[in-house]
Amino acid sequence: MYTLYWSYRPFGCSVLLASYADDGPQLFHIDPSGSGWGYHGCAIGKGRQVAKTELEKLPLGQLTCREAVKAIAQIIYSVHDATKDRLWELEMAWVCQESGRRFQPVP
């Protein structure tokens, strides 16, 4: 009932949740309705369609974490529209074997 009418829907946000389990890295997208999906690569927010298209072109299963971070940073910079958007700074973090399976800023 609460999702049938806009007046009952809570405000929310989409979340990307990353972890590193015994069987390898995992990435989940959780949308405002509470539904979640697992991905190798996903984009949310402004420009997500263009970013998703570019992510689909990458062989994410074959890239090292360092190579993937570089490719993803290039995608983010290509999606950013400098004429419409404000000044911004890209900060990235990773959870991988190279970071000791811990959440750390990318060096």
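Me: Why does Leu17 count as partly exposed?
Reply: The model is predicted, and in it Leu17 has a relative accessibility of 46%. Buried means under 20% and exposed means over 50%, with partly exposed in between. The value for Leu17 falls in between, so Leu17 counts as partly exposed.

Me: Where does Leu17 lie, and what makes a patch with Val15 and Phe28?
Reply: Leu17 lies in strand E1, which covers residues 15–21. Together with Val15 and Phe28, Leu17 forms a nonpolar patch on the surface, with about 230 Å² of accessible area for the three together. A patch residue needs over 30% relative accessible area, and Leu17 has 46%.

Me: Why is Arg66 called partly exposed?
Reply: Arg66 is at 43% relative accessibility. Arg66 lies in helix H2, residues 65–79.

Me: How do you know which residues Arg66 is in contact with, leaving aside its neighbours within four places in sequence?
Reply: Contact means heavy atoms within 4.5 Å. By that rule, Arg66 is in contact with Trp94, Glu98 and Pro107. Arg66 and Pro107 are 41 residues apart in sequence, and their C-alpha atoms are 9.8 Å apart.

Me: How much space lies in the largest pocket, and which residues are closest to its centre?
Reply: The largest pocket holds about 1600 Å³ of space. It is lined by 42 residues, and Leu16, Leu27, Cys42, Ile72 and Met92 are the closest to its centre.

Me: Which element gives the most to that lining?
Reply: H2 does, with seven residues.

Note on methods:
Residues numbered from 1 in each chain as written. Predicted model: local features only at pLDDT ≥ 70, side-chain atom pairs only at ≥ 80, totals over all residues. Heavy atoms only, no water. Patch = residues over 30% accessible without salt bridge, like charges linked within 9 Å, V, L, I, M, F, W, Y side chains within 5 Å. Areas by Shrake-Rupley, 256 points an atom, 1.4 Å probe, with all protein chains shown as cover. Salt bridge = Lys/Arg side-chain N within 4 Å of Asp/Glu carboxyl O. Helix = DSSP H or I, 4+ residues; strand = E, 2+ residues; numbered from the N terminus. Buried < 20%, exposed > 50% of the residue type's maximum accessible area, 1.4 Å probe, protein only. 1 Å grid on protein atoms, 1.4 Å probe; cavity = no way out; pocket = protein on both sides within 12 Å on 5 of 7 lines; lining within 4 Å. Points joined across faces, edges and corners; volume = space filled by probe spheres on them.
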